[in-house]
Amino acid sequence: MDYAAIFLIQVAYAIASLALISVGLAVIYGMMRVINFAHGEFLMLGGYAVILPVQAGVNIWIAMLVIAPVTVGAFGVVVERLVIRPLYGRVIDTVLATWGLSLLLIGLASAVLGYYQEGSKPPLGSVQIGAYRESGYTFFVIAVTLAIMAALYLGLKRTRFGLLARGTMQNPAMAAGLGVDTGRIYAATFGLGAALSGLAGGILAPISGVVPVIGATYIAKAFITVISGGATVLAGTASAAAMLGAVNQVVTFLATPVVGEVALLAAAIILLRLLPAGITGRLFRGGV
Amino acid sequence: MKRAADRIGIAAIAILGLGALIGVPHVVELFTLVDVAVYCILAILALSLAFVWGFGGILSFGQSAFFGLGGYAYALAVINMGESTVPILLGAIVPMLFAALLGYFMIYGRISDVYLAVITLTVSLIFYHLINSTAGPEYAIGRARLGGHNGIPGLPPINIPGNAAAQLDYAGTFRLSLGALLLVYFGLRALIASRFGRALVAIRENELRAELLGYDSRRYKLIAFVIGGGIAGFAGVLFASWGSFIGPGVFGIAFAAQIIIWILVGGLGTLAGAVLGTVLIQYLTTWLGQSKSVAALIGLAKIDTSLVLGAVLILFVLLVPSGVIPTLRKLWLGRRGASA
């Protein structure tokens, strides 16, 4: 019984962390059709934006929930202006340019910060469940992911910015014709996606530690989740994360974490053979 | 006019190539010879992507997966068999089979360009994680241990078919690598000029139109993808035997990016560009990696390869998107047009 509870918590955690690392990428892809290859490095920057202030004596919660998203979000706005904007409409060139940015950031981080970084211990201690213990941080990650998804839903559905953003996403020319400054919407969207990536990187930093190349461990899963989900930001990320996270965790439980990742990829490839535009290409159309 | 120029170009490359094949080992130092051999091997890998992406229009960002798969297939087979002929064949066949399987799902699923790019790259990264997790002694195939992140060292050099004792020396490895490069280059040129190649280019230009003319675009693309996988795998075989080592780094994201950069720098849609781009970038990263004065100039102790590659990639995409060879060709033709 306790064992089953632990197992279910682990599955929920796998799904939540998959959604968490993917949501920033999904916002940018869903709104702008740009696959941000530097996504992993945005997560890495978010991690450093937590670890370095904490070492300097800043409270970990402030670093994680404020400093990380704000710095990476601001960085995202700059990147959009310098690298993404000149390449609008050239999807493949954008992918290549962000890949270049990814390498550049890895190179800079290893040159400036070095490969070794001290981690910081996950706060919140542990929770006793029957004969087992589960880290309190696990529950925090699940709760924060749910909160982010809820906030994003409300933001896109209920606010004026959300309305303009969804309009731009559906038909940029029409939105521009009705007087929406689509350039600003794109910049804001890219900044929002980057901020969410920074937040995710910050939240995961106490668990995984941070090194310049940490992005590579996240991006494979994040890419797969986003393209399996399709172009609809929230419904896509949530449904793909639920499916792939569950597959990943169940197989990890039966075999090893690496086999779990292979199973995740195989499931995604088969899914894309059946639904080439992702889950939301067929289901949940017109959602957010 | 253009065809005559093309013929002169082909003849020049053939003569230069054959001359280098015979002459270079007598002229240069051993160290340079070994270096040039690996440039040739990497150029073969670049050609595989130049064909698949530049002529097939398939964005295979994970060409490294086939390269690595070829290298590993060769390594495992050669350790078990002790003779290199069958392992070389396996090193091309295994990646081709894998490309056929993966390509079937992607190409027959008609997923879009960018999705295909992401999936192929992810496949390579998953191989990276997978191989990295095989460090323990329980992961062995026959006598060969997979070795995890340590890779598989101590591979024997390629030998003359049928005679395991007649192993290639450095000059022999160089000749094999350059010979293979020339063979692949001219082979691909012939393939592109054939009926198959023309249909492939037509599909790249306008898939719908080609299909309405009766070509099954999915079949053509899948065949191109499989050929590209086989060439990349063969390059992997040569690479593994060149360094007598293969490790999981070949599946990593930095290596995958490098192949893309070679193509972009040289010029997408040309074969010569891929070779030129490979040599330029490999030379540049090696030189900058060793050069202390350039590093000091920008205030770093050492220049990281990722830093150079990233900067080159961004600059080329923003400023020289068509690459070196097409840009030069345009300048050259423009000047001639103006004087005529």
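Predicted model: local features only at pLDDT ≥ 70, side-chain atom pairs only at ≥ 80, totals over all residues.
**Entry 1: helix α9 of chain A**

I began with helix α9 of chain A, which runs over residues 215-229. I wanted to know how far apart its end C-alpha atoms lie, and I found 21 Å.

Next I asked how many of the residues of α9(A) are buried. I noted that 12 of its 15 residues are buried, so I describe the helix as mostly covered, taking buried to mean under 20% relative accessible area. Among the buried residues I listed A:Y218, A:I219, A:F223, A:I224, A:V226 and A:I227, and also A:G215 and A:G229. I then looked at what follows the helix, and there I found A:G230, whose phi is positive, near 90 degrees.

**Entry 2: where chain B meets chain A**

I turned to the contact between the two chains, which takes 42 residues from chain B and 43 residues from chain A. I reminded myself that the size of an interface is often given as the accessible area lost when the parts come together. For chain B and chain A I recorded a buried area of about 3,700 Å², with 83% of it given by carbon and sulfur atoms.

I also looked for salt bridges across this interface, and the count is 0. For polar contacts I noted 3 residue pairs between chain B and chain A, with both residues of each pair at pLDDT 80 or more.

Which elements of chain B give two or more residues to the side that touches chain A? I wrote down α4 (85-108), α5 (113-132), α10 (253-266) and α13 (305-319) of chain B. The largest share, 12 residues, comes from α5(B). When I sorted the residues of this side of chain B by kind, I had 33 nonpolar, 6 polar and 3 charged.

**Entry 3: B:S48**

Is B:S48 buried or exposed? I found B:S48 to be buried, because its relative accessible area is 0%, and the cut-off for buried is under 20%.

I then looked for polar partners of its side chain. A polar atom of the B:S48 side chain lies 2.7 Å from the backbone oxygen of B:L45. The side chain of B:S48 also makes a polar contact of 3.1 Å with the side chain of B:Q63. Leaving out residues up to four places away in sequence, I noted that B:S48 touches B:Q63, B:G228, B:I231 and B:A232.

Definitions and conventions
Residues numbered from 1 in each chain as written. Chains lettered and ligands numbered in written order. Heavy atoms only, no water. Helix = DSSP H or I, 4+ residues; strand = E, 2+ residues; numbered from the N terminus. Expected span 1.5 Å × (residues − 1). Buried < 20%, exposed > 50% of the residue type's maximum accessible area, 1.4 Å probe, protein only. Contact = heavy atoms within 4.5 Å. Buried area = accessible area lost by both parts, 1.4 Å probe. Salt bridge = Lys/Arg side-chain N within 4 Å of Asp/Glu carboxyl O. Polar contact = N/O pair within 3.5 Å; in protein donor to acceptor, adjacent residues only side chain to side chain. Nonpolar A, V, L, I, M, F, W, Y, C, P; charged D, E, K, R; others polar.
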